[in-house]
Amino acid sequence: MAKHETPMLDELESGPWPSFVSDLKAQAEKRAKNEEGIEFQIPVDVCDDLLGVLELSFKHGRTHWKHGGIVGVFGYGGGVIGRYCDSPDKFPGVEAFHTMRVNHPAGKYYTTEYLRQLCDLWDFRGSGITNMHGSTGDIILLGTTTPQLEEIFWTLTHDMNQDLGGSGSNLRTPSDCLGETRCEYSCYDTSALVYFLTNEYQDELHRPAFPYKFKFKLDGCPNGCVASIARSDMSFIGTWRDDIKIDQDAVNKYVENDPAYPANAGAYKGSRDWGPFDIEKEVTGLCPTKCMKFENKKLFIDNANCTRCMHCINVMPRALRIGDDRGLSILVGAKAPILDGAQMGSLLAPFVEVNPDNDYEEITEIIENVWDWWMEEGKNRERLGELIMRQGFQKLLEVTGIDPMPQHVQYPRTNPYIFWKEDEVEGGWERDVEEYRKHHQR
Amino acid sequence: MSELLDNTEAATKAVVDWLTKKQKSKTKFYIKDFYKIFPDDKPRAIKKVINKMVETGELEFWSSGSTTMYGLKGAGKQHSTEGEE
């Protein structure tokens, strides 16, 4: 028998889709029965009260949570988000219901043993409710009380070799795609770079230093499986600057509809009959820059005009391969629509070398120049993308020392004035007036 | 780094004095607010000192989850009284 009547929440179970309400009810029942004999360190009815407070919020049309607080673990300015219920008399199980963010591993690779350990810990010292994963990428542990925080942190760090993630005005936990561990399209080792950045910027991850949140996300190639271009203040997208490698024999196998060469590596096979493969309709005709043609059984790509959209490579993976001169592009300023609407990242550095042997020097130089500018000039709670809008992309180029190039131009300028700086003008502001007067009367 | 920021004791005192003076009207501050105390220093050097003060117990963090603020330990509203006088 449920502790609270939840008629409105029950409606959320009536659709054909999976319901978090059913999950919470199952968890509430599991805790009540406690067949495993766990010595729960927080109230046993935490899940019942969570359902109860949500039902009350639905009824009142307003929240009954107080968000934020002083809670944290020693020395860390992030990783814990305080949450309190404003009706603890009715819902004592969720009087304190803090969130902990756990730094997810690169590529989100886990062993089952690790996941069991994590779930055991959370059943023991928390509500047992997790979110795999939050938008930033972290493992989110939902619902525990203040005295449990240090205990959980101790177990995570000492027994599980696991750190908390970022929250607040910190660098958020860097997140990446599977990269070279599984994917032939990856232009650099995303896991290695995430690991490096996480270690290199530990201080920024745990001790708040920024005007607001800052996110790194890493895509191994322009397919952008983690959508870094839309989801991170600084996005690293793998690319190459030589030519797409073409195996002409394999191209012809695709054209001949050889069953060993299915389009899209067979990803859409079986969903319906797509008919025979048509290279014009499915590849060359869809090239966004029209830089390809297939003539006389030969595929030609004008690589100078290729924008690395990946479509041709995705459709004919056995025939086309990413180039060999690989690196990454850095885009900056993406954000969600709290102020000024959502923004996609803008291209800052078209090609950057990815070199672990020099500690990714080219990458860290750009990161630190951007941070120095944002920390100095950014207003409180101003994202990097908003600062770029406010002070201009040109200013960003100045602080990063990157020369302007056509790829930085989004549209022709609308302001007819050019404000030169002294060092941009030959001879500066000084001039010989007498020499000038020889040719120009007063 | 300025002499003031370099001298831990003096820097700590300057921060505590500044916060104590402000305490009547406000108890939680953004990291940028501390830049005013050390006008000649770089943000990164300032944040190191301010975070050290959290570690040594003079200051404490307040986090909404998206933004983090700093205040004197125990000053202002604590979680149990948030939203009340």
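Student: Among contacts in chain B between residues at least 6 apart in sequence, what percentage join residues at least 24 apart?

Tutor: The share is 44%, where a contact means heavy atoms within 4.5 Å. Please note that this is a predicted model, in which local features need pLDDT of at least 70 and side-chain atom pairs count only at pLDDT 80 or more, while totals for chains, interfaces and linings use all residues. Residues are numbered from 1 along each chain as its sequence is written, chains are lettered from A and ligands numbered from 1 in the order in which they are written, and side-chain values use heavy atoms, leaving out hydrogens and water.

Student: And what is the percentage for chain A?

Tutor: For chain A, 63% of the contacts between residues at least 6 apart in sequence join residues at least 24 apart.

Student: Back to chain B. Which pattern does it follow along the sequence?

Tutor: Chain B reads α-α-α-β-β, with three helices and two strands. Both are DSSP runs numbered from the N terminus: helices are H or I with at least four residues, and strands are E with at least two.

Student: How many residues does chain B have, and what percentage is buried?

Tutor: Chain B has 85 residues, and buried ones make up 53% of them. Buried means under 20% relative accessible area, exposed means over 50%, and partly exposed lies in between, using a 1.4 Å probe and protein chains only.

Student: Which residue forms a salt bridge with Lys13(B)?

Tutor: The partner is Asp17(B), with the closest N and O atoms 2.7 Å apart. A salt bridge here is a side-chain nitrogen of Lys or Arg within 4 Å of a carboxyl oxygen of Asp or Glu. Because they are four residues apart in helix H2 (residues 8-22) of chain B, Lys13(B) and Asp17(B) are separated by about one helical turn. Lys13(B) is exposed at 52% relative accessibility, whereas Asp17(B) is partly exposed at 37%.

Student: Now the two chains together. How many residues of each are in contact?

Tutor: In chain B, 27 residues are in contact with 34 residues of chain A. The chains bury about 2700 Å² between them, 48% of it on carbon and sulfur atoms. Buried area is the accessible area (1.4 Å probe) that two parts lose on being put together, summed over both.

Student: How many salt bridges cross that interface?

Tutor: The rule finds five across the interface of chain B and chain A. In one salt bridge, the side chains of Asp372(A) and Arg44(B) meet at 3.4 Å, N to O. Over all chains, the count comes to 25 salt bridges.

Student: How is chain A divided into domains?

Tutor: Chain A has domain 1 (20-159), domain 2 (175-237 + 328-422) and domain 3 (245-321). These bounds come from an automatic or database domain assignment. The C-alpha centres of domain 1 and domain 3 of chain A lie 48 Å apart.

Student: How many helices and strands does chain A have?

Tutor: Chain A has 15 helices and 15 strands. Its C-alpha trace spans about 95 × 75 × 45 Å along the principal axes, and 47% of its 442 residues count as buried.

Student: Where is the cis peptide bond in chain A?

Tutor: It joins Met132(A) and His133(A), with omega about 0 degrees. His133(A) is in the loop between strand E5 (129-132) and strand E6 (139-142) of chain A.

Student: What about Tyr360(A): is it buried or exposed?

Tutor: Tyr360(A) is buried, because its relative accessible area is 5%. Although Tyr360(A) is not a glycine, it has a positive phi of about 50 degrees. Its place is in the loop between strand E15 (346-352) and helix H12 (361-377) of chain A.
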